[in-house]
Amino acid sequence: MKLTELTINGVGGIKFLHVTFRPDMNIICGPNGIGKSTLLLAASFPFFHGHTQKIKRNITSERGSISLKVEANSANFNPVADITVHLPTESAHYFNDDGFDKRKLIKFEIMRNFDYKHLNALNADKSLSNDQISQQLNSGVNLNDIKDWFAKRDLFENVKNGYGPNTIKNIHLARECISILNPQFSFNRVDPKTYDIFVNTPTGVIWYEYLSSGFKSCMSLLLGIIKEIELRYPEQDLFAQEFDGVILIDEIEIHLHPEWQARITEALTTTFPSAQFIVTTHSPHVVQNAKSNQIIALVPDSNGTVRVKELPENGLGYSAWTVEEVLLDVMGMESTLSRKLQELLDNFERLVDEENFDKAKEIYDYLDIALHQNSVLRKSLRISLMSIREREE
Ligand SMILES: Nc1ncnc2c1ncn2[C@@H]1O[C@H](COP(=O)(O)OP(=O)(O)OP(=O)(O)O)[C@@H](O)[C@H]1O
Ligand SMILES: [Mg+2]
């Protein structure tokens, strides 16, 4: 299944927006409040089997609507939903059976951390009802049951007539995921007495809940996807790498250092090569590592609404661009200089024009210390400063 097109009319802050999706990775970027999370919510709304208070019509529109195009099993579907509610306590409902498998859309919200959870016992797998799957579109994938799911499969992997061959492949994949972003970390064991999961790390063998927030965020995504695929299809023995559904992730870079921000999308697409991802980000490192045409950059329109920005396209993505070039030309930042530096440079330029050597030198002396030791600015500031003296002579 793939989402191919989404049209939003009068929903949340979006008056009108039409986007087309690629079948692999779609990275949505744009300033705060432009409508990235609204876009994810709108794309997921036709997968609801229930109600949500999260989606509202645009306050200035008479009514809102969402039209989604879905391709599944070589057939095309076009669910359309009206959004009429706007009060905080009102819910929008969607119960339509549109003819495609609604279990195939998995959504992660921005909360992806978890604390230690003591398991008294391992529970039988609870297959998820349509209502529970729908509930997860509201609150994001349930991360609380990952430990139980993982521990059970690890401990009972070799039980005769137990798990199917693909479920066993999935637990191997899940263990490998622990090392995917840093090979110095690896799965150690599940303790059969406590059901706790232990991980080898450069600083010792630790409980997996002791991992850092960035690590836990990645584990939540990678293990969360495998777990969901299994619990949503209890009657089937599916290999997670073959999952061809849709995965929505809000703010993919959350908790991650730039080095991991740069690698998270590739880690996801190599682990789940058949899935379609639609993710949002504020990270230039995520954008820099996008392949050609994977970026959907939302920008404010002249009439105060939102549009998809046409991006410079060389067919090779942005991996040869600097972070600064990505910020300016893709993510729409006006300047990558701090406000303070910009102000000092503007003042310096004005003082040079006014031939006020003493005041210009004050700024130069400050920047001589404050600039990065290799900054090329220092030299050009000195030349400008000296030009005042030359003009005086
Ligand atoms: N019912 C509504 N009518 C009009 N505008 C709305 C309505 N609901 C929300 N908005 C506007 O839409 C914005 C929310 O958009 P959204 O949360 O999708 O932004 P975002 O791009 O995800 O931002 P961020 O990067 O901060 O997460 C709000 O900032 C608000 O200004
Ligand atoms: Mg958002």
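Visitor: In which loop does Tyr195 lie?
Guide: The model shown here is a predicted one. In it, Tyr195 is not a glycine, yet it has a positive phi of about 65°. The strands on either side of this residue are E10 (186–190) and E11 (197–201), and Tyr195 lies in the loop between strand E10 and strand E11.

Visitor: Is Tyr195 buried or exposed?
Guide: A residue counts as buried when its relative accessible area is under 20%. Tyr195 has 19% relative accessibility, and therefore it counts as buried.

Visitor: How many helices and strands does the secondary structure of the chain come to?
Guide: The C-alpha trace of the chain spans about 95 × 60 × 40 Å along its principal axes. Of the 393 residues in the chain, 50% are buried. The secondary structure comes to eleven helices and 16 strands.

Visitor: What separation lies between the centres of domain 1 and domain 2?
Guide: The domain assignment divides the chain into domain 1 (2–329) and domain 2 (339–392). Taken over C-alpha atoms, the centres of domain 1 and domain 2 are separated by 48 Å.

Visitor: Which residues does UniProt list for "domain: Rad50/SbcC-type AAA"?
Guide: In the model, the span 5–143 is 14% helix and 32% strand, and its end C-alpha atoms lie 29 Å apart. The annotation itself comes from an unreviewed UniProt entry, which lists "domain: Rad50/SbcC-type AAA" at residues 5–143.

Visitor: How far apart are the end C-alpha atoms of residues 178–287?
Guide: In an unreviewed entry, UniProt places the feature "domain: ATPase AAA-type core" at residues 178–287. This span is 35% helix and 22% strand. Its end C-alpha atoms lie apart by 24 Å.

Visitor: Which of the residues around ligand 1 come nearest?
Guide: The shell around ligand 1 divides into three nonpolar, nine polar and four charged residues. There are 16 residues around ligand 1, and those that come nearest are Gly33, Lys36, Ser37, Thr38 and His282.

Visitor: Why is helix H1 (residues 36–44) largely enclosed by the rest of the structure?
Guide: The buried residues of H1 are Lys36, Leu39, Leu40, Leu41, Ala42, Ala43 and Ser44. Helix H1 is largely enclosed because the buried part of its nine residues amounts to seven.

Visitor: With which residue does the side chain of Glu235 make a polar contact?
Guide: Glu235 lies in the loop between helix H5 (213–232) and strand E13 (246–249), and it is exposed, with a relative accessible area of 52%. Its C-alpha atom is separated by 8.9 Å from that of Ser127, 108 residues apart along the chain. The side chain of Glu235 makes a polar contact, at 3.4 Å, with the side chain of Arg103.

Visitor: Which side chain does a polar contact join to that of Ser292?
Guide: Ser292 is placed in the loop between helix H7 (284–288) and strand E15 (295–300). At 14% relative accessibility, Ser292 counts as buried. A polar contact of 2.5 Å joins the side chain of Ser292 to that of Glu313.

Visitor: What distance separates the C-alpha atoms of Phe16 and Lys54?
Guide: Phe16 has its place in strand E2 (residues 14–20). This residue is partly exposed, with a relative accessible area of 42%. Phe16 and Lys54 are 38 residues apart along the chain, and their C-alpha atoms are separated by 18 Å.

Note on methods. Residues numbered from 1 in each chain as written. Chains lettered and ligands numbered in written order. Predicted model: local features only at pLDDT ≥ 70, side-chain atom pairs only at ≥ 80, totals over all residues. Heavy atoms only, no water. Domains from an automatic or database assignment. Near = heavy atom within 4 Å. Nonpolar A, V, L, I, M, F, W, Y, C, P; charged D, E, K, R; others polar. UniProt positions renumbered as here; feature names shortened; annotations may be inferred. Helix = DSSP H or I, 4+ residues; strand = E, 2+ residues; numbered from the N terminus. Buried < 20%, exposed > 50% of the residue type's maximum accessible area, 1.4 Å probe, protein only. Polar contact = N/O pair within 3.5 Å; in protein donor to acceptor, adjacent residues only side chain to side chain.
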